[in-house]
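Please open the model in a viewer and follow the stops below in order.

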Amino acid sequence: VAVSPALALDFAAGGTLHATHGLHAFAAKSPPALARWAISTYTKTGAVVIDPMAGSGTTIVEALLLGRRGIGCDLDPLARLIARAKTTLVEPARLRARGEQLVAAARAGADWRPSGIDIDTWFRPEVQRDLAGLVTGLAVEPADGIRDVLASLVSSLIVARTSVGNARDVVHSRHHRRDWEEDPKTLERFERRLRAAERMYGELARLVPAGTSAASVSTGDARRLALADESASLYFSSPPYCSALDYTRAHIFAVAWLSIILDVSTEDYRDLGRRYLGSERAAMVDATAEQPLPPQLGVPSVDKIVSSIAATDAGRAWIVYRYFRDMRDVIREARRVVVPGGHVALVVCPSNVRRVVIPTDRLFTDLADTLGGLELVVHQSRVIHDRRRVMPYLADAFGERMRTEYVIVWRRPDAATVSGGAQFNQSGASGMTRDPSIPAMDAPGS
Ligand SMILES: C[S@@+](CC[C@H](N)C(=O)[O-])C[C@H]1O[C@@H](n2cnc3c(N)ncnc32)[C@H](O)[C@@H]1O
């Protein structure tokens, strides 16, 4: 699949914890080195880099470190909190002082209990008391960057391999129950995380070049972005896998505890899960008596796979159909928001649904070919060296294959080389003005 001469994208393990990258665990986190490679290859200092499925913010942290302006969106409120926290320059000494005050207040405990989760099953009484103390303390903090960091630290105690909850592997959505036999000492763990965070923010401040624009993180749906046409030089993202990870399930405990800070109820958060790309919820919602199986998308490779799954499992076939239908909208939006001459990069893994292998990377390139207006410049596999990124249950299903992912980069042709002018719909929701650091270019056909 190498379109360009083979590139060295198999960065060795390591290099994943500099600056704020280690603030919080996150399922299917991208390797920072890959984002760094794309940003430095395809953009210049001061350019805008967009990641609309920003997750925990790896791309925008790297954009900051390279002196670019990072813009991130995500549907998930916990992801946005973490991404915002990781890309805000907070003063380490102030962070420590506020964190210590928070712990001192939390020692008194609090009676508050989150709703919407079976709290007595998942949290020991001492853990409940400590988390309630931290959360009620956060609720009266000023809503600033330091509070985002402190709230992310609370979440990092829950969404962790070794969670303070009675669960193992909460980062990946299929956690298992594991009761603590003794108090895991939540506040001591928080203090350790606080000291680590103090170092991380010191390093972030040292590494971000002077004069770099602040990053921005907002809510958004990658299928329909509230971004002006031609907002960025580079779109770099790692979309969710088709039918494999349920982010709302992985995050539900942390969201329940932080619902006041995130301003979302546990119930609304659960409902939001249906809107995520690749969601397995409400599989048959679009099925009707007249249309019991998914229709054709008009992309032969996708249609063939969907119909082979439909032969045994209509629900799964709808999930896969919707994923590729939605990803076509995502790629269309990507093409709209990059400048002519700019690049769109996606990092994807293959999937396996009902024993049917889904070569997601090839299907994405087929989707882009059907849309037109993007030239493929890189399509290459790379080895995932970081074992922590390989989801245990996926590794069981895929073996070594799960350790391979694909990097796809398209270039949006320059306005002058697009034949026929406005070849695709340029209109879109426009909530932003063009960044002055991007050289003004006329939209095709204008
Ligand atoms: C693979 S993760 C991204 C990980 C990220 N690159 C990182 O390093 O942390 C995919 C993200 O897509 C988000 N997502 C799912 N559906 C979305 C949608 N329709 N619009 C925007 N974000 C979405 C999920 O919440 C999740 O955070």
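Select helix H12 (residues 300–310) and helix H13 (residues 314–337); H12 passes H13 in a right-handed crossing, meaning that the near helix is turned clockwise from the far one by less than a right angle. This is a predicted model, in which local features need pLDDT of at least 70, side-chain atom pairs count only at pLDDT 80 or more, and totals for chains, interfaces and linings use all residues. Residues are numbered from 1 along each chain as its sequence is written, and side-chain values use heavy atoms, without hydrogens and water.

Helices (H or I, at least four residues) and strands (E, at least two) are DSSP runs, numbered from the N terminus. The two axes come within 7 Å and cross at roughly 160 degrees; axes are lines fitted to C-alpha atoms, for helices over the stretch in contact, with angles from 0 to 180 degrees between N-to-C directions. H12 is therefore roughly antiparallel to H13 (an angle over 145 degrees).

Next, display the side chains at this contact (heavy atoms within 4.5 Å). Residues of H12, including Val302 and Ile305, meet residues of H13, among them Val320 and Phe324.

Now move to the open sheet of 7 strands, ordered E5-E2-E1-E6-E7-E11-E10 with mixed pairing; strands pair if DSSP finds at least two bridges between them. Its edge strands are E5 (216–219) and E10 (375–383).

Select E10 with E11 (residues 404–411): they pair in the antiparallel sense over 8 bridges. Val383 stands opposite Thr404 in E11.

Note on methods. Parallel < 35°, antiparallel > 145°, perpendicular 65-115°, else oblique.
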